[in-house]
Amino acid sequence: MPRRAEPDACPGALRVHEAADGGLARVRVPGGRLDARQVRALAAAARLGDGGWELTSRANLQVRGIAPRDVAEFADRLAEAGLLPSPTHERVRNIIASPYTGCDDVGSLDVHAVAAELDQRLCAAPALAELPGRFLFTVDDGRGDVSGLAADIGLAPAGGSVAVLLGGADKGIRVAVADAARAAVLAAEAFLAERARQESASWRLAELTDGARLIADRVLAELGSAEAGGSETGAAASPDDAGAAHGADGAASGAADGSAGRIAPASGAADGPAERTGSASGTTNDSGPHVPTEPVSTHAELGVLHRRDGHVSLALGAPLGRLNAEQVAALAALERPLRLTPWRTLLLPGIPESEAETRLSESDEAGFVVDAAAPLAGVTACTGRPGCAKSLADVRSDAVRAARPGSLPVHWAGCSRRCGRPAGNRVEVLATEAGYEVGGEPAGELSAALEAARRAV
């Protein structure tokens, strides 16, 4: 693991990165869910830049080309739509939730409620503004689609309780569903406390020495203290009565009101850590959470999905992870909510089945990727030239020219920093001084090399 010497430089909506093509703002969308008003607001805010959206692998959005004079107005528009609730915490609200929740009968946890409460609790804890911008939370509904993303802190149903995963590993921490968000905040506080003890500048939990075990010990000790002091197990807790759980170092933590709410361990937690990292098949036993050993590949789930009660959801892909201004305007004109996924797709839930084919055809004409067999399905790229001064090639133009259909996702990177690289199994096309490499080997004839690599499942 890398040893960090400096704080991370992740951009935000307020801390805009100066790229070669202008200001780059990253808008956090905890849980990936936007209502129709927020879609319109984001579309309007994007017109302060180049009008487009970039979809990130953490189900967030980026806008490029914002002039310095427009940054304040950009932030104001987000704030008016409820997308910037805490200026001090805007970069740490990285929460991915299972995007298909409620669209089918799979899943056993209301991830949107948990993600919303977690976001509120993060913003209410002043100390957590110090989390790195790359620190990631996931909330999985039980299908295992986001637990495999190796988040720093994950929540996933396990029997009748919720497991708290640390760096993707199950250390045996179980809490009641009503306590899940607070437990995640407690674990985040434990990360900061352990990072300070190790005098580390780590950005991720896995970068700490023995981080998962030490943080699990801190969390379990805190849960044990709560149990000894009287628990609130099973009592739904609102963000307004958010407890002031205290880190194992005694550092102040919890919600801003400083109330004394406690979290109680669910059955099994008091027995101590029980290592569960997933079976060879990618699942655990009945008492453990579903934690795939590799991220679930759902990049090619496009088109009509999830028929239920006369409605469907439509999954639309963004070509190379980016939507142009016309596509963004088309989304805003739908006057519908949408969800962002970590696979750089958009989900439109609740579409009447009778309208599905028409809307899909319209989306196809507008340039969205709607067919899993399309050459650009599952293909992403960094900014490349000319938007990035460090890139060695115009990877986006080259990716379009060389695109071939295939099963494996593909990521094009303009330099060794590999910005935007998705997690899990993939084909990497890397620009070097000597030309492109595919999967670490000189590409030769690029399209042929790429086609062969994509089919190597």
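Okay, a definition before anything else: the helices I'll mention are DSSP runs of H or I at least four residues long, strands are runs of E of at least two, and both are numbered from the N terminus. The expected span of a helix is 1.5 Å times one less than its number of residues.

Now, what are we looking at? This is a predicted model, where local features need pLDDT of at least 70 and side-chain atom pairs count only at pLDDT 80 or more, while totals for chains, interfaces and linings use all residues. Residues are numbered from 1 along each chain as its sequence is written, and side-chain values use heavy atoms, with hydrogens and water left out.

Let's start with helix α4, residues 180–197. Its 18 residues reach 26 Å from the first C-alpha to the last, close to the 26 Å expected. Buried, for us, means under 20% relative accessible area, with exposed over 50% and partly exposed in between, using a 1.4 Å probe and protein chains only. In α4, 16 of the 18 residues are buried, so the helix is largely enclosed by the rest of the structure. After α4 comes Glu-199, which has a positive phi, near 50 degrees.

Next, the aromatics. Rings of Phe, Tyr and Trp (the six-membered ring for Trp) pair if their centres lie within 6.5 Å; planes under 30 degrees apart are stacked, over 60 edge-to-face, and the rest tilted. There are 4 such pairs in the structure. Tyr-100 and Trp-343 make a tilted one, 5.9 Å centre to centre with 40 degrees between the planes. That pair links distant parts of the chain, 243 residues apart: Tyr-100 sits in the loop between β6 and α3, and Trp-343 in the loop between β14 and β15. Tyr-100 is buried at 5% relative accessibility, and Trp-343 is buried at 12%.

Then there's Trp-412 with Tyr-436, edge-to-face at 5.2 Å and 80 degrees. Trp-412 is in strand β17 and Tyr-436 in strand β19, so this pair ties together parts 24 residues apart in sequence. Trp-412 is buried at 0%, and Tyr-436 is buried at 17%.

Last one: ring pairs also join Phe-135, Phe-137 and Phe-191 into a cluster.
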